[in-house]
Amino acid sequence: MRMWINGVGVDSTSGQVIEVADPATEEVLDTVPAGTPADVERAVAAAKAAFPAWRQTTALERAQMLHQAAARMRDHFDELVRLLTLEEGKPVPENAEEIDWSLNTLDYYAELGRHIRGRVIPSPAAGQLSLVLKEPYGVVGCIVPWNYPILLLLWKMAPALVAGNTVVAKPSSLTPLTTLRMIQVAFDHFPPGVINVVTGRGSEVGDALVTHPDVPVIAFTGSTAVGQHIARLTAGQIKKLHLELGGKDPFVIADDAPLATAVEALSYAALINAGQVCTSTERVYVPRTMLLEFAEALAERVSKLRLGPGIEPTTDVGPMIGDAYRSKVEEHVADALSRGAKVLVGGRRPPHLERGFFYEPTVLVDVDHSMRIMREETFGPTIPIMAYDTFDEAIALANDTEYGLGACLYSHDARKVRRFYEEVRAGTIWINDPLTDNYAGPFGGMKMSGLGRELGEEGLEEFWQTKHVHWDIEGGFKDWWYPY
Ligand code: NAP
């Protein structure tokens, strides 16, 4: 497939390509251009040239173009879901949900962009007008990871476009295919240069985009390490950084939680997309009195999940995205075992699947916070369970992390619920319904999990800068002017 610059498909100036493989079979699906800084230059120049006219395009016209893109994605729904399943690996229902969510995000921001814009505030004196204006920045660089490549791109692109910015996007080298196909089939009615996609490695294309002087905003989703790298690279340029980074989300099971439902909720929260969600449950805290029964029920449930290629209708849990990601999970499990943890189920590569980056869903007990699996982002299908004695202790354990993306609680006790959402430092708190997002609900992290919010009105605000206009309409002499 080809990159998308100034409204047409193009190859890289390098003439080189990157192979994109199916993580379930390790077979090459297709290639994309290995972009270079020169390609970034072309894309940014196109986006910069398109900005003045796009900025003047009315909110209604912009909304109509976004609605049209959503409608075209609906027309190509099955094709996009299939391609995304092949390159990303998660099961078809999870990819159908991703595409559905993504196109509805376009509709949501199309309308929000028509309704919100600045305000008139009281002026210091009579005869004056004080306006608070919201203006686009210019070219927005969007850099996204592989785990939800379409959703995370459109959570940025949709608000950036309706706010009047133009976009240069860089998908992950592991999952660029669906993005390129989506742009071809659903976004080619946008004026040339308004949307550009450059494929290539982060260290080349990503760095060139991040440091480009004509890109005043970088909207990035990915690891905390790359987020820190971007912050360091741009420190001298005073850019607007919108960073959605890693997590280590806790799930606290309260002593009143109905065991069977809590087990189902936890399995989903920890294992959707093979645990490769930024808000995957990565640490579980259960009252000591319930631990044995809970862990056994969970292990029983998890052992029934069917591992296989995402494209098979019988699959519950797909492969991981790559070998390096699986090795990290293996290291975390080995570290936990060496410090006294026990595996109840899983803990290995499935012997019956020879190809693909599969790892069995794994339940561990006897874990504590000295272990990497309870401190570092694992990003795989592991569920480490730790016992607690009091709810105070559970809250302290939930907060004992450098991250602050999401946190889950299962409880019907209103006092516990209130304490949890007031005291746990995370950008999203889920009570009894883990990982459910809301178009209108701002999403993002506290602490090392990031800066800024996506979705909701906050997600649009990120792509506007504020200007205050103070206008004295009569323009007479002021008695505080010289001479004193
Ligand atoms: P990653 O390695 O940080 O990569 C993310 C993106 O950044 C990719 O497009 C990557 O390109 C690019 N990149 C890599 N090095 C770069 C550089 N030097 N300059 C600019 N861009 C660069 O993360 P990942 O492995 O793809 O994704 C998993 C991580 O994303 C996890 O930590 C997860 O928690 C996080 N995540 C966060 C959220 C959230 O909303 N907070 C959501 C989803 C995922 P290439 O890979 O093509 O080189």
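The legends below describe close-up views of the ligand and its surroundings in a predicted model.

View 1. The shell around the ligand is made of 30 residues. The closest are Ser173, Ser223, Leu245, Tyr325 and Glu377. Sorted by class, the shell holds 14 nonpolar residues, eleven polar ones and five charged ones.

View 2. Two of the contacts shown here involve side chains. A polar side-chain atom of Ser223 is 2.6 Å from an oxygen atom of the ligand, and a polar side-chain atom of Asp207 is 2.7 Å from a ligand nitrogen atom. Val144 takes part through its backbone: a backbone N or O atom of Val144 lies 2.8 Å from an oxygen atom of the ligand. On its own, the ligand has 910 Å² of accessible area, and the protein covers 90% of this.

View 3. The ligand takes up the space of the largest pocket. Helix α7 gives the largest share, with three residues.

**View 4. The ligand and the two domains.** Where does the ligand lie relative to domain 1 and domain 2? Domain 1 covers residues 3-245 + 449-469, and domain 2 covers residues 249-431. Both domains give residues to the shell around the ligand, so the ligand lies between them.

Technical notes: Residues are numbered from 1 along each chain as its sequence is written. This is a predicted model: local features need pLDDT of at least 70, side-chain atom pairs count only at pLDDT 80 or more; totals for chains, interfaces and linings use all residues. Side-chain values use heavy atoms; hydrogens and water are left out. A residue is near a molecule or strand if one of its heavy atoms lies within 4 Å of it. A polar contact is a pair of N or O atoms within 3.5 Å; within protein, one must be able to donate a hydrogen and the other to accept it, and residues adjacent in sequence count only if both atoms are side-chain atoms. Accessible areas come from the Shrake-Rupley method with a 1.4 Å probe; for residues, only the protein chains shown count as cover. On a 1 Å grid over the protein atoms alone, a cavity is a set of points where a 1.4 Å probe fits but cannot get out, and a pocket is an open set with protein on both sides within 12 Å along at least five of seven lines; lining residues have an atom within 4 Å of a point. A molecule sits in a cavity or pocket if more than half of its atoms lie within 2 Å of its grid points. Helices (H or I, at least four residues) and strands (E, at least two) are DSSP runs, numbered from the N terminus. Ala, Val, Leu, Ile, Met, Phe, Trp, Tyr, Cys and Pro count as nonpolar, Asp, Glu, Lys and Arg as charged, and the others, Gly among them, as polar. Domain bounds come from an automatic or database domain assignment.
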